[in-house]
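Work through the following exercises with the structure open beside the text. Each task is followed by a solution in steps.

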Amino acid sequence: MTSEPIALSRKDFVTDQEVRWCPGCGDYSILAQTQKLMPELGIPREKIVFISGIGCNSRLPYYMNTYGFHSIHGRAPAIATGLKASRPDLQVWVITGDGDGLSIGGNHMLHIIRRNVDVVIVLFNNRIYGLTKGQYSPTSEQGKVTKSSPLGTIDYPVSPIMFALGAGATFVARSLDIDTHHLVATLERAAQHKGTSFVEVFQNCNVFNDGAFMEFADKAVRPDRTVILEDGKPLVFGKERDKGVKLNGTRPEVVDLGNGVSEADLLVHNEKLAEPTTAFILAQMEHPEFPVPLGVMRAIERPTYDVLMEQQIQDAIAGRGEGDVEALFSEGDTWTVE
Amino acid sequence: MANRENGNVEELDRVTIRFAGDSGDGMQLAGLQFTNTSAVFGNDVSTLPDFPAEIRAPAGSLPGVSSFQVSFSSYDIYTPGDRPDVLIAMNPAALKTNLPDLPKGGTLIVNSDEFSEANLKKATYETNPLTDGGLAGYRVIEVQISTMNERALRDSGLSVQQIDRCKNFFALGIMFWLYERPLEPTLRWIDDKFSKNPVVAKANATTLKAGYNFGDTAELFPVHYRVPRAHLSPGRYRNITGNEATAIGFVTASKLAGLPLFYGSYPITPASDILQELSRLKHHGVKTFQAEDEIAAVGAAIGASFGGSLALTGTSGPGLALKSEAIGLAVMVELPLVIANIQRSGPSTGMPTKTEQADLLQVMFGRSGESPVAVVAPATPGECFYMAIEAFRIALRHMLPVVFLSDGYLGSGSEPWRIPSLADLPRIEVQFATDPKTFQPYARDEQTLARPWAVPGTPDLEHRIGGLEKSDITGNVSYDAANHEKMVHYRAEKVARIARDIPHLEVIGDDEGELLVLSWGSTYGAVITAVQRARAAGKSVSMAHLRYLNPFPENLGDVLSRYKKVLIPELNLGQLAMLIRARYLVDAISYNRITGRPFHVAEIEEKINELVRQKVGVG
């Protein structure tokens, strides 16, 4: 991306602003991994922009020593689209949450994804409204008791991954705030993808929704209750690597390996499938019936919005010549008054 | 072509005609062709298209009527005329809805073929007005337009339906004959428009000529009329609508500033023309983004502004309401942004194709907190070009959002426009911050209080902006009480200081006197015509027209103080009047109409006469 080698370190991406998330918040880990990733990308600092909406997550740009824009609730994808479309040379990140990205900003999320604007979207999913102090979110599980649902929610939750796939996302992944290695690797894949990269990060809100993901994310049970997706490899999981997922028609099934069942019987992950069918099947695997899939669910190539927009302009100039405003003034019939 | 020797020719200095028919009858097209031809011929012209919001209301029904009024003259005119001299009614519904505007003695040309029982019923006529004496007092000329068009095109190779669709050109041909207009501009237009369909092109040309020849040979018209050329200032001209002038103005601003234009918009009547016009100008480096909604449209424009583009969004009233939070963000982050609001009748969906000036207070105050923006308003279709450039000049120099406040009447109305030379237009200076040693995101220019514009990609100027209150100088988030008050004052003062940078308000008429008529926006034409007539009648009336609504020109208070009375005519319930009364403690008199149509000159004239009864004494 640049001709000169850049020797930046994580510290170069840290600002002088005091980080103001609650102690123990999962956001710290996502910030740290993002800062750690930046020098690895080989992109000059001034070419990177972080854009956020509103919510605890959306403070992240203040802590990234890049260009940043903390905008208004739900609108970061719109602002990012305008920036990337007008400045394809920049690397643009959108930082959002379950409320910001899928409730108030759901429409913009749909459209930035379907247009395949070349940005990285990191959606912090904590299944709660944290900044407004504990109301249910569009990803809260049905029946959840919160400050605004004392008798439990009656809303059915939206799946961020299914939403992104439904919108035609070219890159969809999921990671976990406390799995720092997996998180940084996933963000790196997202950053390298050309097109909209959608990353859902399960993020613990230790104040208003503590332990929301612990039933499968806790280190002790994680190997048995999650499955790490790797392109070209079968879906094997378990502390002893003794379990797998196979497909029975379009239904996934958990099987024990051995006793006549081998890895050859399992579903082999292929993130490059043109049809999103298998990715949808993975997206529907939820705890406790299934191991929760983590990793890249889909990564396909398709021309990006910003490139297509620039191409139309270049084609128009090639076809009609560079625009001459005086010719534009004089379009149609003209006459002269002496 | 015409045998002029046999016809009597009467010379007129101004004529107003109205084409009225079903939405499917091509009345807008006929009106535009008549307008362009008259303009090319050398008349001054002014137009008022009027059409339903429904794409195709049921054929022949009252809501389906579409009309186009054009006034053309041998002297400078400012309005499309209060009432037509000639009404062309293509069916009973068009007659029913438009006849009330035709003064007694006016000429009525009707397509008598369409006055069938069924069509009369659709227009809610119980008896046929052509035969029941209901048209007494008008000069009625019945023409079998459908039949004659059909005869002219019988061998054209077109279907019966296709042939019927050509009849607007037959009617246009009659009008061209009646007013001695050349056919060539329309024939050229037909050739160009239907170049891929020569059969249709030939049919339209044939029936246009047939209509013309019918006028020439029929004895229905004892005279035809001549409206000589107007004495416009020397130069090369074209006819232009307000929305065309607006789009071209924004592209020109992009050239003058040396920045690429980015237009984020969501289709909305009557602003969609601007999106369509700009989207075909990609070879000018224009990027148009048809957003998913009004909020995304302005959001993307703000993103483009952050990136250093010339950022524009456009809409009409309901869309502006949706954009208001994002405009507040632009106020807070102090980025240059132009918001074009082509007003229409409200509230809510209102009457999308009808005009109004009722968004003034919305653009002034329709945001949370103390959130001032600059507001400019063009007075005529051609002036939209200059005010579009002016909006960007202010936005870039002062680093803030500017609203360009036009309306449906200006947007779709047209007038002759003297083609400018790019070299005569002043360049727009743009300075990006580049120096890390001196850069502070919220440091301010001493003159304008503008903050620096540091765009991503500039090394060592990495900084963060956002909607949270900013600390003076550093731009860091701040909840400090004294800082907030300071920043609120800065943002207000920034807008106020634009007044140093805009022209003083000019008075048309006398420096002092009985009455000042103060207007803004598209009412200019009706107001100046009424004031000129009152002055010609010896009344002490002057006029001033505001093109800058926030801030006001510095001398406005002084101007207001020199007249005994101030009259403010507006197409709303008194919004400018409210601002003027609050700011200057002047007991301004409001004159308000809110019908979805522009003012009639006579209405304003009558109000002036009511306020200034006596003539100025001679002596």
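Predicted model: local features only at pLDDT ≥ 70, side-chain atom pairs only at ≥ 80, totals over all residues.

**Exercise 1. The contact between chains A and B**

Determine how many residues of chain A are in contact with chain B, and which element of chain A gives the most to that side.

*Solution.* Begin with the count: 51 residues of chain A are in contact with 57 residues of chain B. Next, assign the chain A side to its elements; those that give two or more residues are β2 (67-70), α2 (76-86), α4 (106-115), α10 (305-320), α11 (325-329) and β12 (334-337) of chain A. Of these, α2(A) gives the most, with eight residues. By residue type, the side of chain A that touches chain B divides into 21 nonpolar, 19 polar and 11 charged residues. Finally, look at the strands across the contact: β2(A) pairs with β17 (residues 464-466) of chain B in the parallel sense, over three bridges, and A:F69 stands opposite B:I465 in β17(B).

**Exercise 2. A sheet in chain A**

**Exercise 3. Chain B as a whole**

Decide whether the radius of gyration of chain B agrees or disagrees with that of a compact globule.

*Solution.* For 619 residues a compact globule would have a radius of gyration near 25 Å, and since chain B has 27 Å, the two agree. The C-alpha trace of chain B spans about 85 × 70 × 45 Å along its principal axes. Within chain B there are 20 helices and 23 strands, and buried residues make up 55% of the 619 residues.

**Exercise 4. Helix α4 of chain B**

Find where the buried residues of α4(B) lie around the helix axis, and what they pack against.

*Solution.* In α4 (residues 145-152) of chain B, the residues B:I145, B:M148, B:N149 and B:A152 are buried. They cover an arc of only 100° around the axis and therefore lie on the same side of α4(B). The buried residues of α4(B) pack against β6 (107-111), β7 (139-143), α5 (160-164), α6 (167-178) and α8 (198-217) of chain B.

Technical notes: Residues numbered from 1 in each chain as written. Chains lettered and ligands numbered in written order. Contact = placed C-beta atoms within 7 Å. Helix = DSSP H or I, 4+ residues; strand = E, 2+ residues; numbered from the N terminus. Nonpolar A, V, L, I, M, F, W, Y, C, P; charged D, E, K, R; others polar. Pairing = 2+ DSSP bridges. Rg over C-alpha atoms; globule rule 2.2 N^0.38 Å. Buried ≥ 20, exposed ≤ 12 C-beta atoms within 10 Å, placed from the backbone. Arc of directions from axis to C-beta.
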